[in-house]
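Here is a short note on side-chain contacts. Please read it with the model open and find each residue as it comes up.

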Amino acid sequence: MKEIFQPNPAFAQHARIGSMEAYHSLMNKAKDDYEGFWAEYADEKIEWLSPYNKVLDESNAPFYQWFTDGKLNVSNQCIDRHLADKGDKTAILFEGDRGDVEKITYRDLSQRVNQFANLLKNKFGIKKGDRVVLYMPMIPEAAYAMLACARIGAIHSIVFGGFSSEALRDRIEDATAKLIITADGAYRKGKPYLLKPVVDEALQNPVESVEAVLVVKRNNEEIHWEEGRDHDYNALIGDESDECAFEPMDSEDPLFLLYTSGSTGKPKGVQHSTAGYILWAQMTMEWVFDVQGDDVFWCTADIGWITGHTYIVYGPLAAGTTTVMFEGVPTYPDAGRAWKMVEEHKISQFYTAPTAIRVLHKMGEDEPAKYDLSSLKVLGTVGEPIDPPAWIWYHEAVGGGKCAIVDTWWQTETGGHMISPLPGATPIKPACATYPLPGIMAEIIDKDGNPKEVGETGLLCITKPWPSMIRTIWGDPQRYEKSYFGDAVKDGKPVYFSGDGANMDEEGYITITGRMDDVINVSGHRMGTAEIEAVVNEDTYVAEVAVVGRPHDIKGESIFIYIVLKGDPEKDMKKHINSLLAEYIGNIAKADDIVVVPGLPKTRSGKIMRRILRSIAKGEAITQDTSTLEDPAVVAQIEEAVKNA
Ligand code: WTA
């Protein structure tokens, strides 16, 4: 049996959920009266402009609606309602790559977001429902832009700054965005880098819907300026009033889109709602990180991912806490940077990805000891499974053995945490997501809804709709239905399948085993193998391609590509394919291994047996039955090619 770490009693004493009895009682309440449970929190947490009529409308399943007809505004929820008692409190604590620090109070935030909202309305004619794409570095203006959109009811779609111009263009087109907000660039590892050229390239052939590009100046590097299209934020913003009434939004109005990879080629625009999303963002801040009083919360994600949306901007601000936003990387100028920041800003909750923990462990095992980390109360991880050695180092060296580690399992689609320890309640087993949060009906079942036995891996499903769930895929409701409600049925009803596998031990602890579909997880970033294959397939020298994940010490998984050639390319195919991937998706899609093979293992019906390819990539002996293959001899040939690569 795994070692168990009990909650710190001093912490538990003040925690919102301070014991397993309290956890079970909340969970039982949710089971007994599901709608009543959620209504209680919706009433307590949200500042309603007008009340909702129905808690949960299931009449058009799986297009669930929550808190129907209620009116609210997320920027009010995150800013205005705090002004009376928290106007002088730091809302965003920004630290630049080069160590520059800016403390933005709730009052400052209010002024800047109002000005930004006015600029969007007055200068660019942005209205409720318009889509605005953000291609931004980690600077406060990114948060202002998000909240300004929320204030006037525009739908933002943030594209991670590591995506290429092609990927950016696809997302702009899919959302038919009217405005792009970007920056000249920012700083990384002490040097300026540029973002604006990527936007220029994406719009080289104009996209019809795009009327303007708004550029924030961060590093003042020289950039191309398209007269008539490009607008200088810094020059314009001062003219706008810092008062802008917020738009009353319907509970179900979309708050934002965020594109993510699935198991087919095209990324999906995950659409989130207003009320359900902000409710759960705030509740999970309060339960899972238990932010209180003057706590300073730091999530190291990028705002281009869901973690950055929910736990840098919306969750912390809705909870009225101080959120840290960091432009740089935790290994610059050395592997003590993050710990130095913890000491200087007295950070109380620190939330990062296992990849970062592995890097910091490897590069600076003894660094944490050089700093005063006594302000830390809760540590968190997200995005991929964490291995026990990294967990133990995080717990001992960083947390001094006194901080709970919340291993939070969730997804872009879930909006907020689903399965996670509660720091004041849950006895924790290392590298285990433990229990579903109160109100979240997570179950491990087979496709017919039968529960799996202890220790057996099954489909990780959420069997009841929850407030912060994905509402649809932008422009493709059928794909939403098929992607999430097409694999598992319980009591005759399709239920949400996450794409992940999981198992449960005799005490009900849930361990996530990883994706069951063709999505791989590189440094906590989701990559659809089909998306990569679609790019590689376009190359003139590629006859066939198959992409799999391979376990990687630091990144969790790395990308491994098998290609079958046509003709003789007479060039270094690894370099060539990786430059294509960088161009069409971004550097994050580059493969560690690209191996030319004579053929792929296929069944007689032509289906590629990926399991075999995964085993070969791992260097495992093939134990699967290969007799159903069209050409069983190909397996040995592939093994040989991988060995010689
Ligand atoms: C994986 C990130 C193990 C999982 C918030 C999921 C995890 C995907 C964990 C979602 C965890 C996330 N343990 N695996 N604690 N958290 N995952 O959409 O495979 O970028 O389906 O959301 O990351 O990735 P996404």
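1. Aromatic pairs come first. This is a predicted model, and the count comes to 40 aromatic pairs. Take Phe289 and Tyr311. Their ring centres lie 5.7 Å apart and their planes meet at 80°. An angle over 60 degrees counts as edge-to-face, so this pair is edge-to-face.

2. Where do Phe289 and Tyr311 lie? Phe289 is in the loop between α11 (275–287) and β16 (296–299). Tyr311 is in helix α12 (residues 306–318). The pair therefore ties together parts that are 22 residues apart in sequence. Phe289 is buried, and Tyr311 is buried too.

3. Now look at Phe560 and Tyr562. This aromatic pair is tilted, with 4.8 Å from centre to centre and 40° between the planes. Both Phe560 and Tyr562 are buried.

4. Aromatic residues also group. One aromatic cluster is formed by Tyr34, Phe37, Trp38, Tyr41, Trp48, Tyr52, Trp66, Phe67, Trp280 and Trp287.

5. The charged end of Arg98 sits over the ring of Tyr187, 3.6 Å from the ring centre. The charged end of Lys217 sits over the ring of Trp225, 5.2 Å from that centre.

6. Lys217 has another partner. It forms a salt bridge with Asp232, and the closest N and O atoms are 3.2 Å apart. This pair links distant parts of the chain: Asp232 is in strand β12 (residues 230–232), and Lys217 is in the loop between β11 (212–216) and β12, 15 residues apart. Is Lys217 buried or partly exposed? Lys217 is partly exposed, with a relative accessible area of 27%.

7. How many salt bridges does the structure hold? It holds 42. One of them joins Asp250 to Lys71, with the closest N and O atoms 3.4 Å apart. Asp250 is in strand β13 (residues 249–250) and Lys71 in strand β3 (residues 71–72), so the bridge links distant parts of the chain, 179 residues apart. Asp250 is buried at 18% relative accessible area. Lys71 counts as partly exposed, at 28%.

8. Another salt bridge sits within one helix. Glu344 pairs with Lys340, the closest N and O atoms being 3.4 Å apart. Both residues belong to helix α13 (residues 337–345). They are 4 residues apart, so about one helical turn separates them. Glu344 is partly exposed, with a relative accessible area of 44%. Lys340 is partly exposed, at 38%.

How values were computed: Residues are numbered from 1 along each chain as its sequence is written. This is a predicted model: local features need pLDDT of at least 70, side-chain atom pairs count only at pLDDT 80 or more; totals for chains, interfaces and linings use all residues. Side-chain values use heavy atoms; hydrogens and water are left out. Rings of Phe, Tyr and Trp (its six-membered ring) pair if their centres lie within 6.5 Å; planes under 30 degrees apart count as stacked, over 60 as edge-to-face and the rest as tilted. Helices (H or I, at least four residues) and strands (E, at least two) are DSSP runs, numbered from the N terminus. Buried means under 20% relative accessible area, exposed over 50%, partly exposed in between (1.4 Å probe, protein chains only). A charge sits over a ring if NZ of Lys or CZ of Arg is within 6 Å of the ring centre and within 35 degrees of the ring normal. A salt bridge is a side-chain nitrogen of Lys or Arg within 4 Å of a carboxyl oxygen of Asp or Glu.
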